[in-house]
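Here is a protein model to walk through together, one region at a time. Keep the viewer open and follow along as each region comes up.

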Amino acid sequence: MSAHSTIDTTESLLQFAKPIFGFALNRVRNRTEAEDLAQEIMLQLLQSFSSHRHEDIRHLEAYVWTVAKYTWVHWVRKQSRAGASVELNGMTDLLSDAGPEPLDQLVNSEAYRMLRRELAYLSEMQRRIVVMYYYDGMKQQAISNALRIPVGTVKWHLYDAKNELKRGMNRMQPSGQLSFNPIELAGTGHSGQPGELGETGSFLRRSLSQNIAYALYRKPLSIGELAVELGTPAHFIEDEVKHLAEYGFLKETGAQKYRTDFIIWNYTHDYLQRRHELFMEAASRLAEQHFEAIMDVRTEIEQSSLYYPDRDFNFLLWTLLPLNFGEQAARVGRLGADYGSVVPLRKDGGRYIAYAELKSETHTDPGYDISPYQINGPMTRSGGGSLYLWQLNTYWSDRDGWQRLRFKDAQACYAFWNGELGDEQACMEEYAFLLAKQYIVKTDRGFKFNAVWVDRPETAQQIAAAIPNLSKAFAPVIQSLYEQMLLLAMRDQPRHLEPQIAYMTKLSVTNGAIIPYILKHLLDNQKLRGPLDGQRKTITTWMGLIK
């Protein structure tokens, strides 16, 4: 080491002389011992600097305090000639070992690496407080002032963090299964109205967010516990947890723990089989009774001003059957909780129950063709006036998902119906839109409307009043189906989600999954005919001046 570098080193260290003495004075019994300890620290620093190039030490202050803390530990051992414990448990092994220089031993030791690992699993607040207190040497009051939290909170975090570190250092710390075998969520969906940021799938695109939700599904965990379960340092997951909690996908349960607040379905073979049996049985008891009730008032419906293409009553039935069944089932007694008390209101304005499906590497064979029983909807679109649009997507319709259905559809149809579009060349885009969705078709005589259209609210009221009230006849079947389906759904679900699952079950048995079973039953029994090719895009659509 040259004379010039020695001078530079001494000048660099002199700025720490008083802080080092203060460090020593806070850790020993009297001023004389503090002076001895401070001198020992300075000596260790000089010796350490003599074996390193100054430019190799990138963070001088952190380097100084690392040496200071280790020198103090080593000094305590020499003074007491016995093992001693420091605040952060796990470094005691260093006190009885002879060998390498103090700093090298500290940095290269397994205990030090374990300690750094355990610090990574602490929550953000605990980690900041621990570093400020043990590594930066700040007083508890100073930490309180810096973080703007009460001193008592600082003390609690230090106490809790120390216990967490002790537990982690004193045992093997295996990560949870999700760290090496992450899950994947598929089939995300919602029941309700999405917000400005989208719906369930918009928040669960990343594998990290999916695995956070799954890890917190059955048992609330703290950030630290979640970090261990995922085998991921806490600072990598904290922002994601806060984001999911902010928009209602996680809920804070107290004691700084979180749990998942949306439904994750796990469709096993047994579940799918039993669900299919229950819906088949219910449909066999409801479908034909409902069909005959509508056919009994066919003449009255045909004499109304309701429009349906080519006066094809079978085409109209594809809309009236599911639409009216939902209205009939809604009159059945109370099932589950009310919408307002169960469906979360989210920060971005969305109000919906979120759900996703646990994806399995091995395909779950339900033992039957599931295609005819898939459903998307019912979906509604309105603009605050009388104009209204209802649509249901099933196996027999030829349409895209809910994202492609907009109030614009009803507005464009209204403009055409009222003759407001004018010349095809002048309104080329509007005509192209209507033709692509088959709301209109081109014939030798010009364009023809190709969907059910309600010309005024009184017509919708007339149709609803004509069909007899079947709610009393339906009630025993629907009530029984609801109770059995709720028991089946809750077999493998956490209890805190039961209100949301009960609400989803109510929708399923009154205006959701039951609908394709009713349609399939009527098709199989030749009461209903399948739609023609030119009808598939607009069946199960009800729109016009309805409200």
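The paragraphs below go through some helices, sheets and single residues of this chain. Please keep in mind that the model is predicted.

Let's begin with one side chain. Q126 sits in helix 7, which covers residues 124-135. Is Q126 buried or exposed? With a relative accessible area of 5%, Q126 is buried, and the cut-off for that word is under 20%. Setting aside neighbours within four places in sequence, Q126 touches W156, H157, D160 and A161.

Strand 1 runs antiparallel to strand 6 (residues 351-358), and seven bridges join the two. To find your place in that pairing, look for G189, whose bridge partner in strand 6 is Y355.

Another open sheet, also of three strands, has the order 2-4-3 and antiparallel pairing. Which strands stand at its edges? They are strand 2 (221-222) and strand 3 (250-254), and because each has a single partner strand, one side of each is left without a neighbour in the sheet. Strand 3 pairs with strand 4 (residues 257-260) over four bridges in the antiparallel sense. Within this pair, E252 is opposite Y258 of strand 4.

Now turn to a pair of helices. Helix 12 (residues 223-230) packs against helix 13 (residues 234-246) at an angle of about 115°, and their axes are 9 Å apart. The crossing of helix 12 with helix 13 is right-handed. Helix 12 brings I223, L226, A227 and L230 to the contact, while helix 13 brings A234, I237, E238 and V241. What kinds of residue make up this contact? Seven are nonpolar, none is polar and one is charged. The spacing of such residues has a simple background: an α-helix has 3.6 residues a turn, so residues three or four places apart point the same way.

Helix 18 (residues 407-417) shows a buried set of its own, made up of D409, A410, A412, C413, A415 and F416. Its buried residues pack against several elements, including strand 8 (387-394), helix 19 (428-436) and strand 12 (541-545), as well as strand 9 and strand 10. Just after helix 18 comes G419, with a positive phi of about 70°.

Strand 9 and strand 10 form a hairpin with two residues between them. Strand 9 (residues 440-443) and strand 10 (residues 446-449) run antiparallel and are joined by four bridges.

P309 lies in the loop between helix 15 (298-302) and helix 16 (313-330). Although P309 and K448 are 139 residues apart along the chain, their C-alpha atoms are separated by 8.3 Å. P309 is buried, with a relative accessible area of 3%. Leaving out neighbours within four places in sequence, P309 contacts F315, F449, N450, A451 and V452.

Technical notes
Residues numbered from 1 in each chain as written. Predicted model: local features only at pLDDT ≥ 70, side-chain atom pairs only at ≥ 80, totals over all residues. Heavy atoms only, no water. Buried < 20%, exposed > 50% of the residue type's maximum accessible area, 1.4 Å probe, protein only. Contact = heavy atoms within 4.5 Å. Pairing = 2+ DSSP bridges. Axes fitted to C-alpha atoms, helices over the stretch in contact; angles between N-to-C directions. Left-handed = near helix turned anticlockwise from the far one by under 90°. Nonpolar A, V, L, I, M, F, W, Y, C, P; charged D, E, K, R; others polar.
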